[in-house]
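Here's a quick tour for someone meeting this structure for the first time. Have a look at the fold below, and then we'll go through it topic by topic.

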Amino acid sequence: CHLIHYLRLSHHLIVLNYLICTFDKLKSVSSEDINITDAVFDSVEVRVFEPPARGDERLKRSVVYIHGGGWALASARTSLYNNLCRIMAESLNAVVVSVEYRLVPEVCFPEQFHDALRATKHFLQPDVLAEYSVDPSRIAISGDSAGGNLAAAVCQQLSKDEHLTVRPKLQALIYPVLQAFDFNTPSYQQNMNMPVLPRYVMINYWIDYFNGNYDLAHSLLINNHTALDVGQALSFRGRLNWTSLLPSSFKKNYKPVIQTTGKAEIIEEIPALLDVRAVPLLAENETLQLQPKTYILTCENDVLRDDGVMYAKRLENAGVEVTLDHFHDCFHGCMIFTIWPTDFSAGIQTRNSYIRWLDENL
């Protein structure tokens, strides 16, 4: 991919996503028990999973699901996410709406956020919910990784929309990416070279999402963009102080990396680094107080572990009921790997725990 990018044959993410979809083994759109259809919600493509009616049941629960992939990869239509959403629909007897938001490099921030928000708001309209026989009081918004980022950002935006008559009852975030303020949290230091999602890969995903320059990667890695002399970052520093937000079992012996002098021009070039629509962990307390009951799944072997743990703590401090579901032996992305030949026990374990929580709370 790096060679392709260097030779300017195509954007490396386009090629990588093409390869992912080409080797994907999805053979059938529908399943015996679940009706799977593609639709368009306010110009955004979605895939809808509908279980059959049961007896005299009138209304069903529902989950709006936003897939991961660094805002650049995967699809609601790939077998991994198709399988996850089908199993959710079957296990919960719920209507699942999987959002097919546009990807980098076709679009960059904030378009992915806008796609997810538009599709969700369209679905939350009373007449649309009635069309799918969904109970307006039993809707969750969920997503994994970059999809967890979008789910959290959309949930925050919905909570501040005074015109909405229907709001999510729950949010469920799976190893979400929630901040680009500090790339030296204990989990970033501990797992910097961990396969699946090394630190430098996550930084590059952020740069691609913001349509930034790869030359900034090293400065971001050492937190030059949030140094003490970068005035734009000062007001956010207290909202992401991992020394106070993380339990000692996660902090271990790691030390904060705080630069005295840095590069304010990075924030000037990429102001989205401090935009709460992209970095939900930096939201103000008044917004966090409005969030619904929350589930956050984290994995020990994941650079993003502390993003989820810190968000759980901030939500808890704001008075929100939070379940932090931490898996000591699991890795980033594991929950979608439940299909042969990548049917890992970590995937089954995390998926079952996630669906169990939704079943008990939705």
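Asp-38 is partly exposed, with a relative accessible area of 42%; here buried means under 20% relative accessible area, exposed over 50%, and partly exposed in between (1.4 Å probe, protein chains only). This is a predicted model, in which local features need pLDDT of at least 70 and side-chain atom pairs count only at pLDDT 80 or more, while totals for chains, interfaces and linings use all residues. Residues are numbered from 1 along each chain as its sequence is written, and side-chain values use heavy atoms, with hydrogens and water left out.

- Asp-38 and Arg-47 join their side chains in a salt bridge, 2.8 Å from N to O; the term means a side-chain nitrogen of Lys or Arg within 4 Å of a carboxyl oxygen of Asp or Glu.
- Arg-47 is buried, with a relative accessible area of 4%.
- Asp-38 also stands opposite Arg-47 in β2.
- The strands β1 and β2 pair in the antiparallel sense over seven bridges. Strands here are DSSP E runs of at least two residues, helices are H or I runs of at least four, and both are numbered from the N terminus; two strands pair if DSSP finds at least two bridges between them.
- Two residues sit between β1 and β2 in this hairpin, and Asp-42 in the turn has a positive phi of about 50°.

- How many salt bridges does a search of the whole structure find? The search turns up 16.
- Glu-90 and Arg-86 meet through their side chains at 3.3 Å, N to O. They're four residues apart in helix α3, so about one helical turn separates them.
- Glu-90 counts as partly exposed at 28% relative accessibility, and Arg-86 is partly exposed too, with a relative accessible area of 22%.
- Arg-118 forms a salt bridge with Asp-115, with the closest N and O atoms 2.9 Å apart. Both lie in helix α4 (residues 111-123), three residues apart, which is about one turn of the helix.
- Is Asp-115 buried or exposed? Asp-115 is buried, at a relative accessible area of 2%, whereas Arg-118 is partly exposed at 25%.
- Salt bridges with shared partners link Asp-38, Glu-45, Arg-47, Arg-77 and Glu-100 into one network.
- Setting aside neighbours within four places in sequence, Asp-115 is in contact with Val-44, Tyr-101 and Arg-102; contact means heavy atoms within 4.5 Å.

**The sheet and the helices on it**

- Eight strands make an open sheet with mixed pairing, in the order β1-β2-β4-β3-β5-β6-β7-β8.
- Which strands are at the edges? They are β1 (35-41) and β8 (322-331), each pairing on one side only.
- On average, neighbouring strands of this sheet are turned by 20° against each other, direction ignored. For such angles, axes are lines fitted to C-alpha atoms (for helices over the stretch in contact), and the angles run from 0 to 180 degrees between N-to-C directions.
- Strand β6 (residues 170-174) pairs with strand β7 (residues 293-301) in the parallel sense over five bridges. Ala-172 has Tyr-295 as its bridge partner in β7.
- Helix α3 (residues 79-92) packs on the sheet and touches β1, β2 (44-50), β3 (60-66), β4 (94-100) and β5 (134-144). The direction of α3 makes about 160° with that of β3.
- Helix α16 (residues 345-361) lies across β3, β5, β6, β7 and β8, and runs at about 170° to β8.

**Nonpolar cores**

- The largest nonpolar core has 91 residues, and Trp-71, Trp-206 and Tyr-209 have the most contacts inside it. Such a core is a set of buried Ala, Val, Leu, Ile, Met, Phe, Trp, Tyr and Cys residues joined through side-chain atoms within 4.5 Å.
- Helix α6 (residues 146-159) gives the largest share of this core, eight residues.
- A second, separate core has 34 residues, including Ala-89, Leu-297, Met-335 and Ile-355.
- Not counting residues up to four places away in sequence, Tyr-209 touches a list of residues that includes Trp-71, Val-104, Phe-109 and Ala-278.

**A loop tyrosine**

- Tyr-254 is in the loop between α12 (248-251) and α13 (264-269).
- Tyr-254 counts as partly exposed, at 28% relative accessibility.
- Beyond residues up to four places away in sequence, Tyr-254 touches Pro-186, Gln-189, Gln-190 and Trp-242.
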